[in-house]
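I opened this notebook to record, entry by entry, what I looked up and what I found.

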Amino acid sequence: MYAITIPQPGGPDALTWAEVPDPVAGEGEVVVEVAATAVNRADLLQRQGFYDPPPGASPYPGLECSGRITAIGSGVSGWNVGDEVCALLSGGGYAQKVAVPAGQLLPVPKGIDLVTAAALPEVTATVWSNVFMVAHLRPGETLLVHGGSSGIGTMAVQLGKAVGATVAVTAGSAEKLAACRELGADILVNYREQDFAAEVTADVILDIMGAKYLQRNVDALAVNGRLVIIGLQGGVKAELNLAQLLTKRAAVAATSLRPRPLDEKAAIVAAVREHVWPLIESGAVRPVVDRALPIQEAAEGHRVVDGSTHVGKVLLTF
């Protein structure tokens with residue numbers, strides 16, 4: 001088979017289309033023939049040499065995919081060769097075939113085509129695990145989503161609205177804020193022109209910036225508020241005013257998805273299937289796809305995501 005490899009870390013042109021060995025379905029795994037994958041910021045970091053795959057994971061980029069099962073390993077039940085699926089991966093989505101732990105498989109939702117389904121696993125697992133399983137967003141609360149027009153952001157906006165929350169977003173242009181409004185966002189903040197901490201008081205904040213936003217995120221938290229940090233685009237070190245956190249009885253959590261143990265990922269995927277898939281199949285929540293490019297144009301997909309010119313997901317198709 002062929003896959004996108006990274007012989008040497010570097011810019012987008014470091015991505016190389018090369019012949020590689022076929023994967024084999026180990027115990028508890030299936031092999032999926034990939035129809036599409038998606039570009040995530042973790043893929044950009046891996047390409048640059050900053051984010052190695054977990055031990056035992058595929059060395060190729062790609063944290064999610066959609067496709068058809070072609071082989072089933074021992075100990076797998078409930079899935080058959082030929083099933084159309086999408087999957088959360090630890091790596092390997094940028095390949096024609098990938099081995100996937102069965103606990104990380106999801107059926108393609110009714111009403112969603114096979115290619116578009118590749119836009120779902122990473123964002124649904126990330127948003128559900130952080131906003132609901134960690135921060136316990138409740139109806140009537142306010143959710144602040146940084147980067148509201150990103151793949152994760154567009155899903156967080158919709159799931160927040162679906163459970164009855166008021167949703168605030170930050171984005172860097174009128175066009176991106178308009179896209180967030182169409183998805184249901186109630187409060188729109190252009191971070192280039194406004195201070196979100198002066199505009200929003202939030203019960204839950206989903207943050208991709210890290211250090212740069214830490215103090216203002218704490219400023220924006222309501223009493224009993226919960227800040228969940230899932231990205232470090234704004235740096236890794238900042239001071240935290242613990243007295244302010246105590247006064248607000250607030251909590252700060254930081255999580256990552258890729259290196260989690262298989263059982264934790266399986267629990268998240270099961271929760272997504274139970275809670276999010278019905279919302280997608282009913283039309284209350286939808287995947288947002290900015291564009292789909294052939295896998296051989298993966299470098300261009302990386303340039304688009306790196307430039308933050310997209311709204312929603314950038315897919316790579318086989």
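I am reading a predicted model, in which local features need pLDDT of at least 70 and side-chain atom pairs count only at pLDDT 80 or more, while totals for chains, interfaces and linings use all residues. Residues are numbered from 1 along each chain as its sequence is written, and side-chain values use heavy atoms, with hydrogens and water left out.

**Entry: Arg 226**

I found Arg 226 in strand β12 (residues 221-229); strands here are DSSP runs of E with at least two residues, helices are runs of H or I with at least four, and both are numbered from the N terminus.

Which backbone oxygen does the side chain of Arg 226 reach? I noted that of His 136, at 3.1 Å. The side chain of Arg 226 also meets that of Glu 141 in a salt bridge, 2.8 Å from N to O, a term I use for a side-chain nitrogen of Lys or Arg within 4 Å of a carboxyl oxygen of Asp or Glu. Because Arg 226 lies in strand β12 and Glu 141 in the loop between α2 and β8 (142-146), this pair ties together parts that are 85 residues apart in sequence. Both Arg 226 and Glu 141 are buried.

**Entry: other salt bridges**

I searched the whole structure and found 10 salt bridges. In one of them Asp 13 pairs with Arg 303, with the closest N and O atoms 2.7 Å apart. Asp 13 sits in the loop between β1 (2-5) and β2 (16-19) and Arg 303 in helix α10 (residues 298-307), so the two tie together parts that are 290 residues apart in sequence. Asp 13 counts as exposed at 63% relative accessibility, and Arg 303 as partly exposed at 38%. I also saw that Asp 13, Glu 300 and Arg 303 are linked in a network of salt bridges.

**Entry: the largest nonpolar core**

I take a nonpolar core to be a set of buried Ala, Val, Leu, Ile, Met, Phe, Trp, Tyr and Cys residues joined through side-chain atoms within 4.5 Å. Of the 44 residues in the largest one, Leu 159, Val 169, Val 272 and Trp 277 touch the most other members. Its largest share, 6 residues, comes from helix α2 (residues 121-134). Leaving aside neighbours within four places in sequence, I listed the contacts of Trp 277 (heavy atoms within 4.5 Å), and they include Cys 86, Leu 106, Leu 120 and Val 272.

**Entry: helix α8**

Helix α8 (residues 262-275) has 14 residues. Which residues of α8 are buried? I wrote down Lys 265, Ile 268, Val 269, Ala 271 and Val 272. Seen down the helix axis, the buried residues of α8 fall within an arc of 160 degrees (taken from the directions from the axis to the C-beta atoms), so they line one face of the helix. On the other side of α8, Leu 262, Asp 263 and Glu 274 are exposed. The buried residues of α8 pack against β5 (84-88), β7 (105-107), α2 and α9 (277-282).

How values were computed
Buried < 20%, exposed > 50% of the residue type's maximum accessible area, 1.4 Å probe, protein only. Polar contact = N/O pair within 3.5 Å; in protein donor to acceptor, adjacent residues only side chain to side chain. Expected span 1.5 Å × (residues − 1).
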